[in-house]
Amino acid sequence: MNIYFLNLGCDKNLTDGEAMLGILKRSGHEIVSSPEAADAIAVNTCGFIKDAVKEGIENLLSLAEYKRSGNCRVLVAAGCMAERYREEILKEIPEVDAVIGARGFGRIAEAVCGGLASYFTDAAPDSSLHIGRMLTAPTHTASLKIADGCDNLCAYCTIPKIRGAYYSRPIEDIVAEAGRLAAHGVKELALVAQDAANYGADLYGSRRLPELLRELNGINEIIWIRLMYMHPEHITDEIIFAARSCVKVCAYMDVPMQHGSTEVLRRMGRANCTEESLRELVKKLRREIPGVALRTTMMAGFPGETEREFEDLLEFCADMRFERMGVFAYSKEGGTPAAKMKPQIAQSVKRERYKKLMRMQQKISAEILSSSVGKTETVMVDGRDAATGTYAARRGKDAFEIDGSVHFDSDREILSGELVKVTITGSNEYDLIGEEIN
């Protein structure tokens, strides 16, 4: 069959989508780039917040048209939104023939052939299914899922209900997948999970991220290893030592902290994180990993957030001066404890607080980036802009499609994934300008 596959959502969801594509290819199907040419259509949905759910519904409704007027015979909904709203999808979108939950993606081939109406499982999927995933562009960098699910039970988050309890993949499966990715030209691995710092606790009885880093550090073709989504409570001295001593691990840590007020953190269900403990963690990371770039996420407008608590958040971020920071306005999600908390903050207030926090971070980011002017940096090339002819590249301090880029000209053809030395000549709020050193 010809199959059109649409992948939505985060990089963790992307790895599941690529695993499904690999299963479909091994089952003899062809992946096509246009829904008009498809015998079957599958949508790997995201269901984390309302905007993601809306996007999934809109795409399913749009693609359902090809069942009514095109060649498509089967429409499949998979992933997080399918898990969260399984019954509603089957009832409200009759064109959908099969619904596959977040841990049921191994049944995708059966679903597209019309032999499955719905499939959900609480068990962890076969970890080896990711080893044969079909990479989507680009091929020089890839996310590598080391675990899924979550046990942290933050008050605002739907992931534990959608993805289930935390489960780690065996080290040997992860290393095998990393080796296969390297053999296909991948130079950079971004390690992803709902909480990467907790890796191994369920499977081995103790956290084993340091051991995993050392194993991955030994793969010759891999140049960079990047740590993403590290719950601050679970970052140990052993993890810090491994990140510092493994030469391929970038001086970069993504540590979602969510807030800078101890009281708000307590209401969020992150009671073991306090303003003081987060400040100490930031100091330790910068002391133990010289030059580390810290990325975090912050939430504005959590239920009950007072003006004083928001000012505490502003002060915390101003003092910490994170190199990278994403900001989100709180999204009320049904079925979470936070949805029942009072008072809920008005949308207009959430938007204003979001904007205020972002304006401050833009200024901090611009100031930090301006300090790089005049320095020589080794960057990894991501690609070339066809219109301008300039290259976009990243330092080890920049995650692909999340952080900023280094833009530079070159008279020669440079392949994606190649390392180049540049002198930084300019900067703005998020990006750098450079000149290649010949």
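**Entry 1**

The model I am reading is a predicted one. I then traced the pairing of the two strands: S15 (residues 376-384) and S16 (residues 391-394) run antiparallel and are joined by four bridges. The hairpin that they form has six residues between the strands, and in it Gly 389 takes a positive phi near 80°.

I next asked which strand pairs with S16 over three bridges. I found strand S17 (residues 406-409), again in the antiparallel sense. Here I noted that Ala 392 has His 407 of S17 as its bridge partner.

**Entry 1: helix H12**

I checked the length of helix H12 (residues 275-288). Its 14 residues should span 20 Å at 1.5 Å a residue, and its end C-alpha atoms are 20 Å apart, so the two values agree.

I then listed the buried residues of H12, which are Leu 278, Arg 279, Leu 281, Val 282 and Leu 285. Why do I say that they line one face of the helix? Seen down the axis of H12, they fall within an arc of 160°, and therefore they line one face. On the other side of H12, I found Glu 276 and Arg 287 exposed.

I also recorded what the buried residues of H12 pack against: helix H10 (237-245), strand S12 (249-254), helix H11 (262-267), strand S13 (293-300) and helix H13.

One further residue of H12 that I looked up is Glu 280. From the C-alpha atom of Glu 280 to that of Tyr 167, I read a separation of 29 Å, with the two residues 113 apart along the chain.

**Entry 2: helix H7**

I turned to helix H7 (residues 171-183), which has 13 residues. From its first C-alpha to its last, H7 reaches 18 Å, close to the 18 Å expected at 1.5 Å a residue.

The buried residues that I listed for H7 are Ile 171, Asp 173, Ile 174, Glu 177, Ala 178, Leu 181 and Ala 182. I found these buried residues packed against strands S7 (141-145) and S10 (188-192), and against helices H8 (201-204) and H9 (209-217). After H7 comes Gly 185, for which I noted a positive phi near 100°.

**Entry 3: the nonpolar cores**

I asked which residues touch the most other members of the largest nonpolar core. Among its 72 residues, these are Ile 146, Leu 191, Leu 209, Met 230 and Met 253. Helix H13 (residues 307-320) supplies the largest share of this core, with six residues. Apart from this core I found another, of 21 residues, including Ile 3, Ala 42, Ala 98 and Leu 129. I note as background that nonpolar side chains tend to be buried together in soluble globular proteins.

I then followed Met 230 in more detail. Setting aside residues up to four places away in sequence, I found that Met 230 touches several residues, among them Leu 209, Ile 235, Ile 239, Met 253 and Pro 256.

**Entry 4: Arg 73**

I located Arg 73 in the loop between helix H2 (50-69) and strand S4 (74-79).

Leaving aside neighbours within four places in sequence, I found Arg 73 in contact with Met 1, Asp 39, Lys 67 and Asp 97. Lastly, I compared Arg 73 with Arg 133: the two are 60 residues apart in sequence and 25 Å apart in space, C-alpha to C-alpha.

Terms used. Residues numbered from 1 in each chain as written. Predicted model: local features only at pLDDT ≥ 70, side-chain atom pairs only at ≥ 80, totals over all residues. Heavy atoms only, no water. Core = buried A, V, L, I, M, F, W, Y, C linked by side-chain atoms within 4.5 Å. Buried < 20%, exposed > 50% of the residue type's maximum accessible area, 1.4 Å probe, protein only. Contact = heavy atoms within 4.5 Å. Expected span 1.5 Å × (residues − 1). Arc of directions from axis to C-beta. Pairing = 2+ DSSP bridges.
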